[in-house]
Amino acid sequence: MDADHDLVAAIRHGDRRALETLYRRHAAWLTPRLSRRCADPCLVDEVVQDTFLAVWRGADRYRGGGDVAAWIWGIAIRRLFARFQGRSAATLRLTGAEQIAPSAEDLVLVGVEYGDAGGALGRIPPELRAVVQATVLDGLTTREAARRLGIPAGTVKSRMLRARAALREELASHRPRVGTGGESLNTCRARPGP
């Protein structure tokens, strides 16, 4: 069995040293990865701490079917999105009057989680969604995604092609109606001039 799986099993039984070991092993990659999605280092630190608190409290929910790192990342990114939700997109406070704007990637990821793209992503088949999440949202290379998902790199590529097509179809089918005749955006044609 994988050492990380053993650590989660120990955490499930209240082993604090196992949590410390898991933290030391994973916080080192988790912090910079979250930092690429959030420009506020204080917020990133809070999310990392919240993530490992959730691991401690929810170790019994880990089913053991996937990579522990992927499970931890899923917790972390959901915690980060939850922090973004309800915050003004205009500013994130640091100290005093100093302000930073969220990165474009932060705003896109929030839109993916809570906007039209998030709904479309939720409607595509799970095997396609997993590839999109690994490559687009988590920023993994094809090889890294293949390793994480336990599938060949060629399968990652073919599923990504299928996922793009499925997402286009989902987004097109859920566009708002425009015009007086009720035609959708994807069927509107420019009208000839006078």
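Student: What should I know before we start?

Tutor: Residues are numbered from 1 along each chain as its sequence is written, and side-chain values use heavy atoms, with hydrogens and water left out. Since this is a predicted model, local features need pLDDT of at least 70 and side-chain atom pairs count only at pLDDT 80 or more, while totals for chains, interfaces and linings use all residues.

Student: How many helices and strands does the protein have?

Tutor: The protein has 9 helices and 2 strands, in the order α-α-α-α-β-β-α-α-α-α-α along the sequence. Helices (H or I, at least four residues) and strands (E, at least two) are DSSP runs, numbered from the N terminus.

Student: Why is Phe52 called buried?

Tutor: Buried means under 20% relative accessible area, exposed means over 50%, and partly exposed is in between (1.4 Å probe, protein chains only). Phe52 has 4% relative accessibility, so Phe52 counts as buried. Of the 194 residues in the protein, 35% are buried.

Student: And what makes Tyr23 buried, exposed or partly exposed?

Tutor: Tyr23 comes to 32% relative accessibility, so Tyr23 counts as partly exposed.

Student: How do you know that the rings of Tyr23 and Phe52 form an edge-to-face pair?

Tutor: A pair of aromatic rings is described by the distance of the centres and the angle of the planes. Rings of Phe, Tyr and Trp (its six-membered ring) pair if their centres lie within 6.5 Å; planes under 30 degrees apart count as stacked, over 60 as edge-to-face and the rest as tilted. For Tyr23 and Phe52 the centres are 5.0 Å apart and the planes stand at 70°, which is edge-to-face. Tyr23 lies in helix H2 and Phe52 in helix H3, so this pair ties together parts 29 residues apart in sequence.

Student: Why is the pair of Trp29 and Trp73 called tilted?

Tutor: Their ring centres are 6.5 Å apart and their planes are at 45°, so this pair is tilted. Trp29 in helix H2 and Trp73 in helix H4 are 44 residues apart, and the pair links distant parts of the chain. Trp29 is partly exposed because its relative accessibility is 24%, and Trp73 is buried because its relative accessible area is 2%. The whole structure has 3 aromatic pairs.

Student: What does Asp138 touch, beyond its neighbours within four places in sequence?

Tutor: Contact means heavy atoms within 4.5 Å. By that test, Asp138 meets Arg33, Arg36, Arg37, Trp73, Gln133 and Arg148. Asp138 is found in the loop between helix H7 (126–137) and H8, and with 7% relative accessibility it counts as buried.

Student: Why are H8 and H9 called roughly perpendicular?

Tutor: Axes are lines fitted to C-alpha atoms, for helices over the stretch in contact, and angles run from 0 to 180 degrees between N-to-C directions. Angles under 35 degrees count as roughly parallel, over 145 as roughly antiparallel, 65 to 115 as roughly perpendicular and the rest as oblique. The axes of helix H8 (residues 142–149) and helix H9 (residues 153–173) come within 8 Å and cross at roughly 100°. H8 and H9 are therefore roughly perpendicular to each other.

Student: Which residues of H8 and H9 meet?

Tutor: Thr142, Ala145 and Ala146 in H8 meet Ala153, Val156 and Lys157 in H9.
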